[in-house]
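Please work through each task before reading its solution.

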Amino acid sequence: MTLPLDPAENLAALIRCPSVTPAEGGALTALANMLKPLGFSIERPVFSESGTPDIENLYARLSGDGPHLMFAGHTDVVPPGDESAWKHPPFSATIDNGEIYGRGAVDMKGGIACFAAAVARYSAEHGPFKGSISFLITGDEEGPAINGTVKLLEWAKARGERWDAAIVGEPTNPERLGDMIKIGRRGSVSGTIVVHGVQGHAAYPHLAENPVRGLVTLVEGLLDPLLDEGTQDFQPSNLEVTTIDVGNPATNVIPAKATASFNIRFNDSWSEETIMAEIHNRLDRAAATTRLRPGRETPINYELLWRDRPSPVFLTRDDKLIGTLSASIEAVTGRKPQLSTSGGTSDARFIKDYCPVVEFGLVGQTMHMVDERAALSDLEMLTRIYQRFLADFFA
């Protein structure tokens, strides 16, 4: 019986599985094979929803008397892009100059590989845990996130599972291992503005209404003034216009409509409801003060369409979880980690409804890039951090 003691070997096995969302690619099977020798019970629920691909997930549990710690993450990865641009094939797990190359090396198969190694090493040295450990792993984090962690949490809860704390192994460190723990995330909401006009010939504007004029006005109304200046725990809220389109290939045709999409990352100054209300108010004010064309009474005719499933803002305050992890990082690296709420969203936004959750994993500089890679020394160090955390958390 081979134990998954070496994080680099664990990671190589996971990288060699081409688990591009929504394909399982063998990655969950590879993880299950690592955990079974440690005594974990393994279940592989598949969740479905109309209009989305079926997603296979993994829930593994090592049961004991005491607190229950969840380690959460995902084995699915983004596409590698142009494989010829890679120094080494993206699913080869090639080791070169002290680094292991491959899609998912840092986001986030590396974190999973290290946590499995940490559990194996702790068990080999100390015997059974004074508590329970579960792996909650999805194949849908990089995709629509519909048939993954949300449903896996609901499924586990319905079976009686309860957790005292959770770590998500996302790559949280900006420069060096030990730089940062994520203790919360800004919320996220996306929408699209559609301005309706009247199509016509560009040489005869009096016979048409150009929606682009109105769209520019509305976009300016969204961007100014700033939403806020940040709070004690969060950086300023931010609105970014992500697309502007008229669907018009002709240069001599005034389009019938123009659209702009945007995304907002909002802090704890706002809720989903209040930030949406603010956007409605800004658009109404801008539309009321401008016409599609000077000298006409035609108002700006627009629609605001919100995307489904906005992400809420959250902040974890749990002294045992944060304090124990911080102390473990400092003991291994000599660095005191910054407690941060920066960055985008993760599956922690779902887990926070079930137990306190933080995120800590590898350095994220190459995630989603060509030649994604992780240093072997970082894999070893992260494993030691996780192992130290397990010892202290279950002490």
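**Exercise 1: An annotated span**

Task: Determine how far apart the end C-alpha atoms of residues 183-288 lie, and what share of the span is helix and strand.

Solution: The end C-alpha atoms of residues 183-288 are 41 Å apart. The span is 28% helix and 32% strand, where helices (H or I, at least four residues) and strands (E, at least two) are DSSP runs numbered from the N terminus. The UniProt record, an unreviewed entry, annotates residues 183-288 as "domain: Peptidase M20 dimerisation"; such annotations may be inferred rather than shown by experiment.

The model is predicted: local features need pLDDT of at least 70, side-chain atom pairs count only at pLDDT 80 or more, and totals for chains, interfaces and linings use all residues. Residues are numbered from 1 along each chain as its sequence is written, and side-chain values use heavy atoms, with hydrogens and water left out.

**Exercise 2: Positive phi**

Task: State whether Ala145 is buried or exposed.

Solution: Ala145 has phi near 60° and belongs to the loop between strand S8 (132-138) and helix H4 (149-158). Its relative accessibility is 8%, so Ala145 counts as buried (under 20% relative accessible area; exposed is over 50%, partly exposed in between; 1.4 Å probe, protein chains only).
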